[in-house]
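Subject: Structure handover

Hello,

Here is the structure for you to take over. My notes follow below it.

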Amino acid sequence: MSRLFVQRRSMIGLVVAAAAVLVGSLMPVAASADVRARSAMDQVAAMQPGWNLGNTLDSTGADETSWGNPRITEALLDNVKAQGFKSIRLPVTWSAHLAPDGTIEAAYLDRVKEVVRWTLARDLYVMINVHHDSWQWINAMPSDRTGVLNRFNAVWTQLAAAFRDFGSKLTLESVNEPQFAGSSGQAQEIQLLGELNASFRDIVRRSGGNNAGRLLILPTLHTSADQPLIDALATQIRGFNDPNLAATVHYYGYWPFSVNIAGGTRYDATAQNDLTGYFDRVYNAFVAKGVPVILGEYGLLGFDRHTGTIEQGEKLKFFEHLGYYARTKKITTMLWDNGQHLGRTSFRWSDPELYAQIKSSWTTRSGTAFTDQVFSAKSSAITAKTITLNLNGTSFQGLWHGDTALVSGRDYTVAGDRLTLTAQALTRLSGSRQYGTNAVLTARFSRGVPWKLHVITYDQPVLSNASGTTASFAIPTTFRGDLLATMEAKYADGTNAGPNDWTSFKEYDRTFAPDYSSGTTLLRPDFLNAVRDNARVTLTFHYWSGTKVTYYITKSGNTVTGAIA
C-alpha cells in the first residue's frame with residue numbers, strides 16, 4: 001500500500017487536470033456489450049471475498065521470508081479457503097530477481113508458479129501482479145520513459161509466456177499502486193500509466209493460449225478513486241473494447257480516522273461519507289457501465305503498526321459498513337493481510353471479533369452502537385447510562401451477560417435506538433468496582449454478529465514527573481481503568497507542537513502510545529525530535545471516558561523533562 005499517497009490525498013486533495021490517455025492497440029471483439037459485461041461481472045463476482053497474501057512474495061529482499069513471514073505452504077492455502085475466501089491476491093515484487101537485461105530469475109518465477117498452481121488446485125481464484133516495483137523503478141518513468149517501459153514490457157512478456165496455459169481462475173494485474181516521481185503533473189502521470197496499462201494488455205493478449213481471454217486487472221493512478229483518475233481509466237477501458245477487463249482501486253479509509261490523527265478517533269459521519277463517496281464514484285464510473293471492480297486492498301493504515309491503533313468498536317463499525325456498502329455496489333473486496341490478521345502457521349485470527357464482523361458483512365448487516373464502552377467513575381455513585389444503537393436495518397433482540405439474559409424493564413430499557421442500562425444493573429455488574437472492565441454485555445440483533453458493551457470502572461488517570469531523552473521517554477501513568485484515545489500538543493503561544501503541526505492532535509502510536517502493562521505513556525522519538533528546543537509544550541491527554549489530563553514537557557538538546565504542573 002502507499003501510505004504517503006493516502007496522507008497527501010486526505011490532507012490537500014489531488015489537483016484536477018485534463019489528461020489524454022493512451023488507448024493502445026485494439027483487439028476486435030465479436031460479442032455484444034451486454035454479454036461481455038455479464039461474463040466479466042460474473043467472474044469478478046465469483047472472486048468475492050478475497051484475501052491478500054501480503055509481505056511475502058512481494059518482499060523486496062532475496063527471499064519471500066525477508067519481511068518476517070514464513071514461506072507459503074499448502075496448509076496455509078487450505079486454511080484461507082476454509083475461512084470462506086474465494087480468491088487470493090498474490091502480490092509479487094520482481095525487482096530483486098531481475099537481471100540487468102530484465103530477465104526474471106528462473107527459480108523465483110518457478111516458485112511463484114508453484115504457489116499459483118497450489119491455489120488453483122484448491123479451486124480458488126488467484127491474482128498476481130508487479131507489486132513494489134511500482135516505487136522501486138517504475139516510478140522513474142517520467143525521466144526514463146524508454147528504459148522503464150522496456151523493462152516493464154520484458155517482465156510482462158516473460159510472465160505472459162509463463163502463465164499463458166494456466167486456468168482461467170488465474171487473473172493478472174498490471175501494476176500495484178502506480179506512482180511516478182518528478183513528473184510534470186497529474187496529466188503526465190495519467191498518460192504514463194495509460195502507456196503501461198495498454199502495453200500490459202497488448203503483451204498478455206498477444207501471447208495467446210488462455211491469455212487471449214484471461215481476466216486482466218487495470219489500476220487507476222495510485223489505485224485511488226479520485227474522480228479524474230477513475231475517469232481516465234474508464235475512458236481507457238472503453239477504448240480497449242475488451243470483454244475481460246476489470247478496474248481496481250484500494251481503500252484504507254478516511255485518513256485521520258485510518259491512522260488516528262487530528263482527533264479522528266471515531267468512525268463518525270465524516271469518515272462514513274468518505275467511504276460512501278469513494279465507492280459511489282467507483283460504482284458510477286465502472287460498475288454501472290458494465291465494468292467490474294476489485295477493491296484490491298482494504299483495511300486501516302494504522303494496522304501497519306498494530307491493530308490497536310484504532311479503538312476496537314470504531315474499527316468494527318468501519319469494517320461492518322465497508323463490507324455492506326461494497327456489497328451493495330457490487331464491488332469485490334480483498335482484505336489486506338501482511339501477517340497481522342490470519343496467522344501464517346497458527347491459522348488463527350489475531351482478532352477473532354474483527355474477522356467475525358468482516359465475514360458477516362459479506363452477506364448481511366450487523367447492529368452496532370455509538371460506543372462499546374460504558375464508563376462509571378469509581379469516585380461517584382453509579383447512574384444509568386444511555387447508548388445510541390446503530391440498528392442498520394436490524395431489530396434489537398435483547399441484552400445478555402454471558403449466558404444470562406438481562407431483564408427488559410429492570411436491567412435495561414429500549415426506546416427507538418436508545419438503549420439505557422439501569423443504575424441497578426450497572427451496580428450489580430460492576431461488583432466490587434475494581435478498575436477496568438467489570439463485565440462484558442452482548443447486545444443481540446435480528447441478524448449479523450452481536451455487539452459487545454464493556455462495563456468499565458475508572459477514575460481520572462494520574463501522571464507523574466519524568467525525565468528521559470528524545471530516544472526514550474516514558475511518563476509514569478496510573479491509568480486507573482481508563483483508556484487513552486488521543487493526545488494534543490501545543491506551545492505556550494497556542495500554536496501546534498510536534499510533527500503534522502497543521503493539527504494539535506498527534507498521530508496515535510507514531511508519536512505517543514499507552515503501555516498499560518508497564519504503567520507508562522510513551523512519547524516517541526518522531527514526536528520529540530519535532531519539538532522545538534527549550535519551548536514548553538502543553539500535552540492534553542484525552543481518554544475514552546471523556547476525561548482530559550494536562551501534562552508539560554520541555555526538550556533541551558537530547559534531554560526531555562516532564563512535569564504535571
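Start with Tyr 108. Tyr 108 is buried, at 6% relative accessible area (buried means under 20%, exposed over 50%, partly exposed in between, with a 1.4 Å probe and protein chains only).

A word on the source: this is a predicted model, where local features need pLDDT of at least 70 and side-chain atom pairs count only at pLDDT 80 or more, while totals for chains, interfaces and linings use all residues. Residues are numbered from 1 along each chain as its sequence is written, and side-chain values use heavy atoms, leaving out hydrogens and water.

Tyr 108 sits in helix H4 (residues 106-121). Helices (H or I, at least four residues) and strands (E, at least two) are DSSP runs, numbered from the N terminus. Neighbours within four places in sequence aside, Tyr 108 contacts Leu 57, Val 92, Thr 93, Trp 94 and His 97; contact means heavy atoms within 4.5 Å. A polar atom of the Tyr 108 side chain is 2.6 Å from the backbone oxygen of Leu 57.

Next, H11. Of its 17 residues, 13 are buried, so H11 is largely enclosed by the rest of the structure. Glu 311 caps the N-terminal end, with a side-chain oxygen 3.0 Å from the backbone nitrogen of Gly 313. After H11 comes Lys 330, with a positive phi near 60°.

Last, H12 (residues 352-361). Its buried residues are Leu 354, Tyr 355, Gln 357, Ile 358, Ser 360 and Ser 361. Their cover includes strand S7 (293-298), helix H11 (312-328) and strand S8 (332-335).

Best wishes

Notes. Polar contact = N/O pair within 3.5 Å; in protein donor to acceptor, adjacent residues only side chain to side chain.
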